[in-house]
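Here are a few exercises to work through with the model open in your viewer. Try each task before you read its solution.

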Number of protein chains: 2
Amino acid sequence: MLELTKSTIYLATNNMNKFEEIRNVLENSKINLRVINIKGNEIQAFSVLSVARQSALNIAEKFEGAFLVEDSGLYIDSLYGFPGPYSSFVYKTIGVGGIIRLIKDRENKNAEFHSALIYGENGKIIKNFVGITEGTISTSIKGEKGFGFDPIFIPNGYNKTFAEMTIMEKNKISHRAKSTGAFAQWITKKLDNA
Amino acid sequence: MLELTKSTIYLATNNMNKFEEIRNVLENSKINLRVINIKGNEIQAFSVLSVARQSALNIAEKFEGAFLVEDSGLYIDSLYGFPGPYSSFVYKTIGVGGIIRLIKDRENKNAEFHSALIYGENGKIIKNFVGITEGTISTSIKGEKGFGFDPIFIPNGYNKTFAEMTIMEKNKISHRAKSTGAFAQWITKKLDNA
């Protein structure tokens, strides 16, 4: 019965881990999240917000429905923000082992995970939501959950990596859960007022 | 007197090293190369040709004159093509030292420099030119000429890096000289027939 009152929103991604995390945050909301196989151009820019925004503009040109698009990246202090917006490419090429090798001798292991989430509908971008989670890069690869650089990122206040956490645990503190949570709050208010 | 018969073409870049190399290749041609401060969106794509093409499309929308835009990248075999199209970002973050550290223990040191050059006029892309130079990554940083990853790239058949070569030497074999040389040949024929 409840299902009938839900609004369907399409997440433009081919990353099922990302979909699962966002869907989990929206579980008790009025949103019914689906995946749509549509991709915007991702530009080269330092901030994931810039990347996600341009991607959303492209998607809005092609798709009339309500959609979300998310971009995220790991910004490592002592590497001047590397790999940042190119985290996916860097993961596929030098991998988590490459990152560990690059910062092995660095005293400063600080890093931030950034998430930028854009909501669009009727061929327009409506609003963006950003989440940042601070932490450190671990000295070794730990855990098999999550995806991407999760096995080397220890969020501040914890002594395990994102990859050692269940989706529920990670969603209490992750960058993506923060951007999605902000979106959930906003869209709930919007739907209540509609 | 000769100057009067030259055609002016604008290179869209803010990299003066790149400008100098391309200008040097075109020195004895009918082209008078100038810089223009206009930038297209650079997309995230594995090939520099894709990146340059999208960039050229953006520039063509804003600029009516004859222009060139070039994108280049270093593709390292054992790192699955890293840093590739993100060479400039990777240079600014982990730098040449980072690359050396990443491939230190790899037996395979093979790498390729790719250059993609696009020519456009009258608001349209006319033709693209690609140049590839094969070589290896050196075990240490050598030379102070050139720019970017030149100090760690040894072209095949040589025992010094691009950064140990004069612009004239580098222009005999470089990826950028190859793409520019192909363009020079084509544009000369085009101007002769005009």
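## Exercise 1: the nonpolar cores

The largest nonpolar core holds 54 residues, and those with the most contacts inside it are A52(A), V69(A), A52(B) and V69(B). A nonpolar core here is a set of buried Ala, Val, Leu, Ile, Met, Phe, Trp, Tyr and Cys residues joined through C-beta atoms within 7 Å. Buried means that 20 or more other C-beta atoms lie within 10 Å of the residue's own, with C-beta atoms placed from the backbone.

Before going on, note that this is a predicted model: local features need pLDDT of at least 70, side-chain atom pairs count only at pLDDT 80 or more, and totals for chains, interfaces and linings use all residues. Residues are numbered from 1 along each chain as its sequence is written, while chains are lettered from A and ligands numbered from 1 in the order in which they are written.

Task: find which residues V69(B) is in contact with, leaving aside its neighbours within four places in sequence.

Solution. Start with the cut-off: two residues are in contact if their C-beta atoms, placed from the backbone, lie within 7 Å. Then list the partners of V69(B): A12(B), G40(B), A52(B), S55(B), A56(B), I59(B) and I118(B). Finally, look apart from this core for another one, of 44 residues, which includes I76(A), V90(A), F162(A) and M165(A).

## Exercise 2: relating the copies

## Exercise 3: the interface

Task: say how many residues of each chain are in contact, and which helices of chain A each supply at least two.

Solution. Count first: 18 residues of chain A are in contact with 18 residues of chain B. Next, assign elements, where helices are DSSP runs (H or I, at least four residues) numbered from the N terminus. On the side of chain A that touches chain B, α3 (87-93) and α4 (95-103) each supply at least two residues. α3(A) gives the most, with four residues.

Key
A residue is buried if 20 or more other C-beta atoms lie within 10 Å of its own, exposed if 12 or fewer, and partly exposed in between; C-beta atoms are placed from the backbone.
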